Structures are given as C-alpha cells and as structure tokens.
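Hi there,

Here is the structure I promised to send over. Have a look at it first, and then read on for what turned up.

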Amino acid sequence: MRIEPYLDTELWILAANVGTPSVNDLATAHAKETSQNVFEKCWTGEGWAGVASAAQRFVTRQEAEEYLAANRQRMEQA
C-alpha cells in the first residue's frame, strides 16, 4: 500500500494509493467529491475510511509526514 500526505482543501490528510484525477473529476464542483475519487482510502487516526470527511487532519505537510513516519507499520497493518 502506498501511503502519502494529500492536501484536502486547506489541511493535509494521509491517503492510500493516491491517483491522478480524471478530467471528469477535475470538472466536479465539489472538492470533497474530487478528493474521494483521487485516493482509495484515508487514515482516521484509528483505521481507514473511504471518505475525506472522516480523515485525521494535519495543519502542515511536515506534520503529516512525521505522523506517517512514526505510525506507518500500524497503518499498513490496519
């Protein structure tokens, strides 16, 4: 599983298997809908969810990367 920080609106989340949005996704009027189409799942702090609204949020990319470095093994096993 490929986990990486992803900017969702103004805050960072940790998302698994981030892809490139299609042209149809980019034309979507709602950013949250686009986010949900770009990654497979996101980290909630306790487990994985399929919607960005459930994700644990980080103010900076560095904060998200530090959390990921400290918790990667637990996240990959969840």
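A word on naming before anything else: helices (H or I, at least four residues) and strands (E, at least two) are DSSP runs, numbered from the N terminus. Please keep in mind that this is a predicted model, where local features need pLDDT of at least 70 and side-chain atom pairs count only at pLDDT 80 or more, while totals for chains, interfaces and linings use all residues. Residues are numbered from 1 along each chain as its sequence is written, and side-chain values use heavy atoms, with hydrogens and water left out.

Let me start with the sheet. Four strands form an open sheet in the order β1-β2-β3-β4, with antiparallel pairing; two strands pair if DSSP finds at least two bridges between them. At the edges sit β1 (3-8) and β4 (48-49), each of which pairs on one side only. Strand β1 is joined by six bridges to β2 (residues 11-16), and the two run antiparallel. Within that pair, D8 stands opposite L11 in β2.

The loop between β1 and β2 holds T9. This residue has a positive phi, near 65°, although T9 is not a glycine. T9 counts as exposed, because its relative accessibility is 55% (the scale is buried under 20% relative accessible area, exposed over 50%, partly exposed in between, with a 1.4 Å probe and protein chains only). N17 also has a positive phi, near 55°, and is found in the loop between β2 and α1 (23-26). With a relative accessible area of 27%, N17 is partly exposed. As background, most residues other than glycine have a negative phi.

Now for the packing. Helix α3 (residues 61-77) lies across β1, β2, β3 (41-43) and β4, and runs at about 140° to β1 (axes are lines fitted to C-alpha atoms, for helices over the stretch in contact, and angles run from 0 to 180 degrees between N-to-C directions; contact means heavy atoms within 4.5 Å).

Which residues make up the largest nonpolar core? There are eleven: I3, W12, L14, A16, W43, W48, F58, A64, Y67, L68 and M75. Such a core is a set of buried Ala, Val, Leu, Ile, Met, Phe, Trp, Tyr and Cys residues joined through side-chain atoms within 4.5 Å. Helix α3 gives the most to this core, with four residues. Another core, of nine residues, lies apart from it and includes Y6, I13, V38 and C42.

Happy exploring!
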